[in-house]
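This briefing covers selected local features of one model. Please look over the sequence and the structure before reading the points below.

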Amino acid sequence: MSTIQHRISLHMTNKQPQHSLDLLEYDKKHVWHPYTSMSSPLPAYLVESAEGVYLNLANGESVIDGMSSWWSVLHGYNHPKLNAALIEQSTKMSHVMFGGLTHSSAIELCKKLVQLSPKELDKVFLSDSGSVSVEVAIKMAFQYWHSKSFPNKTKLLTIRNGYHGDTFAAMSVCDPVTGMHQIFDKVLMKNIFAPAPTISFHEQWHENELDELKNLFKHHHHELAAFIIEPIVQGTGGMRFYHPAYLKACRTLCDQYNVLLIVDEIATGFGRTGKLFACEWSEISPDIMCLGKTLTGGYLTLAATLCTSEIAKTISHGEAGCFMHGPTYMGNALACAVANASIDLLFENNWQQQIAFIELILQKSLLPLKAQSRVKDVRVLGSIGAVECTQAVNIAVIQKRFVELGVWIRPFGTLIYIIPPLVINEAQIKHLVKAISTVLKEDNCFFK
Ligand SMILES: *Cc1c(COP(=O)(O)O)cnc(C)c1O
């Protein structure tokens, strides 16, 4: 049977082959999924392959990926140039230890990152995942102040509704409520939280937005190692787009009170918001910057922490004589090679045009959903579109409906959002929006 016939027949009988069902059964019993109960898990969908913006499911359906596999896919799945970069690198070497050894793929990547990132950043620490790059950033800040003989600067300041990852230091600066800090109360670092910004990206700016933040800087600066923030977009904390003047003020306060500024660009980096890095909206340069997610165009896990020469020099002159970190897979050659190819593609494909195009279609098609009764707000920035509902989604029902409607969208809480791969076309964006518009009218997709 040809693949197409095979798909059609599966589609018609709506039956998965026994082999897929066995796999799913084992998955359900033994395999953890992110933030998912192991005792009563929601169904997971088996993916057989992916191509362009489509995920091909084992049940014969193909769905448009509106999530870019959690902000990571840029140029689509199964991209010939990214595949070629991986294959070429694998014929030389897939990995070598980074202690005492180096290689051109890592060097080339670090050179690109230094050139593209805000001008003060020129030292690069490569690691395995976003959370680890945040751990690295925080550790850099602590080691910096230790080296400068400020032993009391051991706390972090951040804002509510933030998300910075799932490892312990990263968790300690996630929102205390949604991050369920009460469970980890005895083991988590105690940090300081300012209210989340309330003035949104397009609203009128008022200086009094800063009152509480200024107070916290004033009272705590002597114990603050760093201020950490997601620039412009609070992602997991609610897809909130805050005013660029807020981030600009954070830079000023950090300078005024001798506190390092860590900007977590893991979700926003590489064009998503319409600027290559979201901190460009505020025309600031942080002291430390974290990158991850789209760094390899969605192919392999890789992250980077960039810092200034001043931080690197101070740490190197401190007690340890070096920065105290060194992941086994640091500078993985396969990941670096595919990251280089992905960054090249960004420019070859004119990412600014791609983002502006997605933004325009989202403005035209998604913003009008504001008129629907279940909608509280609709927001669009760059290639990010979010619909905030008046009721929480029933994930079990809504997920199934989205798949039936031919899309992969994974909402959380009251938020239905999309961040499609940059190669998506107009009809495909409209297909995503139509699916959202359809489920918004279905009572059983929401909790009362
Ligand atoms: C996803 C994310 C992280 C964590 O990255 P992982 O690769 O999942 O560890 C950290 N910060 C932000 C802003 C993120 O969106």
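Predicted model: local features only at pLDDT ≥ 70, side-chain atom pairs only at ≥ 80, totals over all residues.

Glutamate 283 sits in the loop that links strand 10 (260-264) and strand 11 (288-291).

**Loop residues with positive phi**

- Glutamate 283 has a phi near 50°, which is a positive value in a residue other than glycine.
- Glutamate 283 counts as exposed because its relative accessibility is 67%, where the cut-off for exposed is over 50%.
- Asparagine 350 is found in the loop between helix 11 and helix 12.
- The phi of asparagine 350 is near 55°, again positive in a residue other than glycine.
- With a relative accessibility of 33%, asparagine 350 counts as partly exposed, since that class lies between the 20% limit for buried and the 50% limit for exposed.

**Helix 4 against helix 11**

- Helix 4 (residues 80-92) packs on helix 11 (residues 333-348) at an angle of about 150°, and their axes are 9 Å apart.
- Helix 4 is therefore roughly antiparallel to helix 11, as angles over 145 degrees are classed that way.
- The crossing of helix 4 and helix 11 is right-handed.
- On the helix 4 side, the contact is made by Lys81, Leu82, Ala85, Leu86, Gln89 and Ser90.
- On the helix 11 side, the contact is made by Ala333, Leu334, Ala337, Val338, Ala341, Ser342, Leu345 and Glu348.
- Sorted by class, the contact of helix 4 with helix 11 comprises nine nonpolar, three polar and two charged residues.

- Three strands make up an open sheet, ordered 13-14-16, with antiparallel pairing.
- Strand 13 (375-381) and strand 16 (415-418) are the edge strands, and each of them pairs on one side only.
- From one strand to the next, the twist averages 10°.
- Strand 13 and strand 14 (residues 384-389) run antiparallel and are joined by six bridges.
- Arginine 379 stands opposite alanine 386, a residue of strand 14.

**The helix across the sheet**

- Helix 12 (residues 351-365) lies across strand 13, strand 14 and strand 16.
- The direction of helix 12 is at about 160° to strand 13.

Technical notes. Residues numbered from 1 in each chain as written. Heavy atoms only, no water. Pairing = 2+ DSSP bridges. Helix = DSSP H or I, 4+ residues; strand = E, 2+ residues; numbered from the N terminus. Axes fitted to C-alpha atoms, helices over the stretch in contact; angles between N-to-C directions. Contact = heavy atoms within 4.5 Å. Parallel < 35°, antiparallel > 145°, perpendicular 65-115°, else oblique. Left-handed = near helix turned anticlockwise from the far one by under 90°. Nonpolar A, V, L, I, M, F, W, Y, C, P; charged D, E, K, R; others polar. Buried < 20%, exposed > 50% of the residue type's maximum accessible area, 1.4 Å probe, protein only.
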